[in-house]
Amino acid sequence: MKNTTIAKIGIITVSDRASAGVYDDLSGTAIIDTLNEYLTSDWEKEYKVIPDEQDLIEKTMIHMVDELHCCLVITTGGTGPAKRDVTPEATEAVCDRMMPGFGELMRAESLQYVPTAILSRQTAGLRNESLILNLPGKPKSIRECLDAVFPAIPYCIDLMNGPFLECDEAIIKPFRPKNKTAK
């Protein structure tokens with residue numbers, strides 16, 4: 001039986017400058033806009049803009065999963081090779097199991113556009129019954145990566161007994177085995 005609870009989705013922008021108000025958070029907005037295009041089912045956002053501090057990233061992820069009960073937490077930023085880019089380390093620290101296929105596919109997708117995609121360290125993992133996904137920081141790259149991996153996300157959430165995410169299949173077609181599709 002599918003869970004029709006309204007989905008809570010966490011969006012975390014990891015950026016020293018955006019969190020300090022030096023510039024607007026275009027990356028978090030890009031995630032929200034993309035999810036609004038993809039999803040036809042009701043969903044609520046939990047949204048934070050925080051600096052590149054591993055302890056704070058970990059605490060924010062834990063809060064969104066354990067206390068706010070987000071079935072999906074999407075981060076943007078902090079996935080490169082710079083010393084302050086620690087989002088993947090924070091993700092690994094809070095997850096019970098890692099889902100390396102997400103990062104592999106996102107890098108493969110991004111390599112079609114820029115050779116520096118190989119420098120990206122985005123990853124994904126599971127904490128309790130939630131998926132945490134790290135995206136790059138550029139809005140164009142966010143959409144490219146989400147277009148590549150999102151078809152697997154609704155079924156991943158189904159497998160963890162999360163809410164049933166319905167999508168606008170003219171924009172993004174999620175994969176579900178035939179017995180798991182909406183009737």
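**Exercise 1. In which sense do S1 and strand S3 pair, and over how many bridges?**

Before the solution, note that this is a predicted model, in which local features need pLDDT of at least 70 and side-chain atom pairs count only at pLDDT 80 or more, while totals for chains, interfaces and linings use all residues. Residues are numbered from 1 along each chain as its sequence is written, and side-chain values use heavy atoms, with hydrogens and water left out.

Solution. Strands (E, at least two residues) and helices (H or I, at least four) are DSSP runs numbered from the N terminus, and two strands pair if DSSP finds at least two bridges between them. S1 and S3 (residues 72–76) run in the parallel sense, joined over 5 bridges, and within S3 the bridge partner of Ile 12 is Thr 75. S1 also pairs with strand S2 (residues 43–50), again in the parallel sense, over 8 bridges; here Gly 10 stands opposite Glu 46.

**Exercise 2. Decide how many residues of strand S1 are buried.**

Solution. A residue is buried under 20% relative accessible area, exposed over 50%, and partly exposed in between (1.4 Å probe, protein chains only). In S1 (residues 7–14), 7 of the 8 residues are buried, so the strand is largely enclosed by the rest of the structure.

**Exercise 3. Find the aromatic pairs and classify each by its geometry.**

Solution. Rings of Phe, Tyr and Trp (its six-membered ring) pair if their centres lie within 6.5 Å, and planes under 30 degrees apart count as stacked, over 60 as edge-to-face and the rest as tilted. This rule gives 2 aromatic pairs. In one of them, Tyr 38 and Phe 150 are 4.8 Å apart centre to centre with 45° between the planes, a tilted arrangement. Phe 175 counts as exposed because its relative accessibility is 53%.

**Exercise 4. Which rings have the charged end of Lys 140 or Arg 176 over them?**

Solution. A charge sits over a ring if NZ of Lys or CZ of Arg is within 6 Å of the ring centre and within 35 degrees of the ring normal. Lys 140 places its charged end over the ring of Tyr 113, 4.6 Å from the centre, and Arg 176 lies over the face of Phe 164, at 3.8 Å from the ring centre.
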